[in-house]
Amino acid sequence: MAQALMNDLDPGAILLEVEAATDQEVIRLLAERLHSLGYVKSSFAEAVLARESQLPTGLPLGGDNNVAVPHTDPEHVLKPGLAFATLSRPVTFGNMEDPDEKLPVRLVFLMALNDKDKQIEMLQEIAGTIQSSETIEALIKAKSVDDVSRLLG
Amino acid sequence: MTKPKTVLFACGTGIATSTVVAHAVEEALKKRGISITTRQCKTTEVASYLADVDLVISTAQLPKDLGKPAITTLAFLTGIGKDDVLDKIEAILKS
């Protein structure tokens, strides 16, 4: 699958080796970036947090390096965009399939979605990316936006 | 030619992961010679969309006892166990 995620990913919204204690903390950091870059309304962060607590977005990949794809309803979004964080220590997200199950997450893709075609593309690219354990490993080790860009470009 | 079966795809928002899964399942089933009609909704709305639905496929937890076959799976997002889930879907649609 084509890994053209960099087309959607704003270099200003990439945060590497984030030290965060909770899923809320990571979501707030990424949402703040998307807001200051003009992708989302000021209501976005709270809307994503509310959704995450009801309907978590952790995706289990069968190990300790799982991925979360927080997002919310289109009314909080100005234009489609993507923010990305790697976590220096795993942060707990609920499993999308079973909210009572908690997953250790190392990679977070925060999606600003308001265009149906665009979001299929973005999510398909994320799905394609996370299906490669080598890419996951390499993303966790990424030290710079250039590293990320090479892996997702 | 039998009438295509209708599959309802559900997720938390009814627009994000369900769109990707609907697309992936439709394509994969086409390769197996099965065409389906797809619908989408939020998991909280599933009950009101069930009328002519043959199967529900969701990425998030569904209400219990829908009275229709239902599969909750992330296989089309993570790639893990995709072929097994497709076999299960095919079996339900052919029954």
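Predicted model: local features only at pLDDT ≥ 70, side-chain atom pairs only at ≥ 80, totals over all residues.
Which residues in H1(A) meet which residues in H2(A)? Residues are numbered from 1 along each chain as its sequence is written, and chains are lettered from A and ligands numbered from 1 in the order in which they are written.

**View 1. Contact of H1(A) with H2(A).** A:Asp23, A:Gln24, A:Ile27, A:Arg28, A:Ala31, A:Glu32, A:Leu34 and A:His35 in H1(A) meet A:Phe44, A:Ala45, A:Val48, A:Leu49 and A:Glu52 in H2(A); residues are in contact if their C-beta atoms, placed from the backbone, lie within 7 Å. Helices are DSSP runs (H or I, at least four residues) and strands likewise (E, at least two), numbered from the N terminus.

**View 2. Axes of H1(A) and H2(A).** The axes of helix H1 (residues 23-36) and helix H2 (residues 44-54) of chain A come within 9 Å and cross at roughly 150°; axes are lines fitted to C-alpha atoms over the stretch in contact, and angles run from 0 to 180 degrees between N-to-C directions. H1(A) is therefore roughly antiparallel to H2(A) (angles over 145 degrees).

**View 3. Chain B.** Chain B contains three helices and four strands, in the sequence pattern β-α-β-β-β-α-α. Its C-alpha trace spans about 30 × 30 × 20 Å along its principal axes. Of the 95 residues of chain B, 35% count as buried (20 or more other C-beta atoms within 10 Å of the residue's own, all placed from the backbone).

How values were computed:
Parallel < 35°, antiparallel > 145°, perpendicular 65-115°, else oblique. Contact = placed C-beta atoms within 7 Å. Buried ≥ 20, exposed ≤ 12 C-beta atoms within 10 Å, placed from the backbone.
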